[in-house]
Amino acid sequence: MSGYFRVRYADDFALVDTRAQKAWLAAFVLLLAIYPFLANALWLDLANQVLLSAIGALALMLLTGYAGQISLGHAGLLAAGAFTTGILFKELQASIWVTLPASAAVGAALGFLFGLPSLRLRGLYLAVSTLALHFIVIFAGGEYETKRGYSTGIVIESPITSSLGWYFVLLLAAAATLLFALNLLRTRTGRAWRAIHGREAVAEALGISVQRAKLSAFVISSTLTAISGCLFAYYRGFVSAEAFSLYLTIQYVAMIIIGGMGSLLGALLGTVFVVLFPYVIDAAMKLVGASDRLASVIFAVNYAAFGLVMILFLVFEPQGLVGLWRRAQNWFLLWPFKQRPLSK
Amino acid sequence: MQLAVNILVLASIYALICCGYVLIYRVSRVLSLAHGELMMLGAYGLYATAALFKGHPLIGVAAALALALLVGVAVYAALMWRMTGESVLAAVLATIALGILLRGAMILMFGTQTQYPLRDLGWVNASVPIGSARISSAGLGLIIATVLSYGGLFVFLKSTRWGIRMRAAGQHPLLAAQRGIGLHGVYALAWGLATLTGGMAGMLIACDAGLEGTLVIIGLKAFPAALVGGLDSLLGALIGSLVVASAEVMLIYYVDPLLSDVVPFVVLLAMLAVRPWGLFGTREELDRV
């Protein structure tokens with residue numbers, strides 16, 4: 001028998017349905033498993049960075065891409081997780097089994113706080129209020145640093161020391177986040193988020209508590225983000241307020257824009273793009289032989305190129321990398337036709 | 001007395017920057033988060049023209065102002081017109097991306113060291129006594145520039161043809177377009193004027209304290225003032241600047257100088273909680289769930 005038919009209700013719930021998809025997924029997992037043994041130190045570090053950022057990007061995607069709530073406070077939430085970890089480590093010598101849940105709890109509490117303005121404000125005003133909260137969190141972190149005399153930053157000892165160990169921990173964390181997000185979006189909460197994204201009044205008429213949906217979006221997204229911040233603190237072994245500038249928020253927002261709004265795959269693709277971007281620029285400059293001349297201002301080249309790429313995506317491909325991917329997919333699916341047939 | 005003078009100078013800095021935010025928002029409902037960078041670009045414009053027209057400082061200043069106006073129009077013509085009618089998020093993100101692009105480009109062009117355009121113009125930033133207090137002449141220039149810009153803008157919006165077109169476009173773009181008002185022209189002019197006033201603020205701050213990267217942060221800190229006053233009201237921007245500046249100066253003076261970076265945002269949050277549309281703004285759609 002050829003063709004794919006859903007004959008049991010369980011098939012409707014499966015995340016991967018066809019045999020080909022299962023095979024591809026198995027191959028991909030295998031590739032991820034052997035990757036660290038093939039990669040050199042730099043590539044392993046890059047993979048770790050991608051996996052670490054992916055957690056934060058998925059969290060932001062849930063909030064902005066699915067629930068439609070604009071947040072410019074993402075770096076503040078990452079900072080909250082990282083600082084909770086740093087402070088607990090410094091003051092109480094707490095282990096990761098204490099700091100991780102504590103960071104998550106702080107993230108949830110802050111998410112509630114960040115979410116409160118969303119009950120009255122929308123669009124621009126909401127973005128601005130989260131931006132203001134970002135500055136307040138960063139200020140509080142900076143205050144702690146200066147008051148306790150760690151003005152250059154807090155040094156943290158990580159329980160995981162090898163890059164290889166980090167790779168598998170982060171892979172597990174990112175995969176768990178992805179699985180959590182995939183499943184969450186199919187539950188009542190996830191569907192409620194999409195409904196309030198579509199139109200709040202209609203969502204409310206359908207019996208969705210808009211208030212609860214918005215707050216839950218903020219709380220869940222912030223919890224994940226704070227966990228990512230906690231892992232970030234351990235991975236870097238160092239927490240300082242300067243690391244969580246507005247530019248970091250912009251990078252995360254760029255991840256979901258460049259990846260493609262409203263798609264978890266987009267969040268992952270965007271993360272890979274944004275994390276690898278500076279290294280690609282660096283390599284490109286080496287290639288044209290300009291790296292010596294511009295060595296002192298390499299970050300400025302990065303800024304300019306990053307801004308330009310973001311503008312190009314916003315103007316020419318608002319659907320992001322996922323949009324490009326879907327277009328390519330459609331091209332093959334419809335071949336030899338250019339468009340879907342008008343009548344069926 | 002010195003405290004009052006400090007408040008006045010800071011308020012006029014904020015007010016001069018704010019009118020850019022307000023103009024763009026009022027006319028095209030776009031929040032420009034690249035305003036800080038555009039302001040800095042204006043200041044670098046002065047730095048460049050001061051070197052170009054050595055010995056003729058007035059020509060240099062005039063050229064820098066004209067340049068700022070042109071840059072604003074160019075930003076609209078090159079990028080922002082594509083964002084007309086897009087979602088709020090897309091437009092704001094476009095300005096953020098533009099900001100990053102400009103910041104990188106400026107460092108590449110002008111380097112990272114602090115510049116002193118006032119010295120290049122051949123002027124001195126003398127200190128002027130007022131009663132028991134002192135004010136730098138650049139500070140005095142800031143106050144005068146603010147008064148002139150706001151006066152000019154009020155007259156422009158009230159009684160000139162382009163000003164009326166601008167208000168119409170802000171009130172109801174569709175209706176305005178159907179009455180034959182060229183929206184792109186009006187929006188471009190709004191961006192031009194916003195960059196002009198912002199650039200003016202940038203130039204004067206650069207004259208006072210030197211031209212460096214922190215200018216962008218001042219630009220961002222001015223934004224709460226615009227929102228406190230009401231994002232679409234020029235009068236509100238003036239009052240909002242006064243409120244935010246006095247809160248900031250008082251808290252720095254009586255509590256802790258480190259607070260300076262965060263006070264405007266605390267005021268902003270307080271305002272958002274109580275009256276999100278600001279003191280003088282028009283009430284917009286709010287959620288009451």
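Buried means under 20% relative accessible area, exposed means over 50%, and partly exposed is in between (1.4 Å probe, protein chains only). This is a predicted model, where local features need pLDDT of at least 70 and side-chain atom pairs count only at pLDDT 80 or more, while totals for chains, interfaces and linings use all residues. Residues are numbered from 1 along each chain as its sequence is written, chains are lettered from A and ligands numbered from 1 in the order in which they are written, and side-chain values use heavy atoms, with hydrogens and water left out.

**View 1. Two cysteines of chain B, B:C18 and B:C19, without a disulfide.** A disulfide is a pair of cysteine sulfur atoms within 2.5 Å. For B:C18, the closest cysteine sulfur sits in B:C19, 7.8 Å away, and that's too far for a bond. B:C19 is buried, at a relative accessible area of 0%, and B:C18 is buried at 0% too. Over all chains, the disulfide count is zero.

**View 2. Where chain A meets chain B.** Contact here means heavy atoms within 4.5 Å, and it takes in 45 residues from chain A and 46 residues from chain B. Buried area is the accessible area (1.4 Å probe) that two parts lose on being put together, summed over both. For these two chains that's about 4,000 Å², with 78% of it on carbon and sulfur atoms. On the chain A side, look for A:R120, A:L124 and A:Y125: they lose the most area to chain B, together 20% of what that side buries.

**View 3. A salt bridge in chain A, between A:E200 and A:K214.** A salt bridge is a side-chain nitrogen of Lys or Arg within 4 Å of a carboxyl oxygen of Asp or Glu. Here the N to O distance is 3.1 Å. Helices (H or I, at least four residues) and strands (E, at least two) are DSSP runs, numbered from the N terminus. A:E200 lies in helix α9 of chain A and A:K214 in helix α10 of chain A, so the pair ties together parts 14 residues apart in sequence. A:E200 is buried at 15% relative accessibility, and A:K214 is buried at 0%.

**View 4. B:R29 and B:D232 pair up in chain B.** Their side chains meet in a salt bridge at 3.8 Å, N to O. B:R29 sits in the loop between α1 and α2 of chain B and B:D232 in the loop between α10 and α11 of chain B, so this pair ties together parts 203 residues apart in sequence. B:R29 is partly exposed at 37%, whereas B:D232 is buried at 10%.
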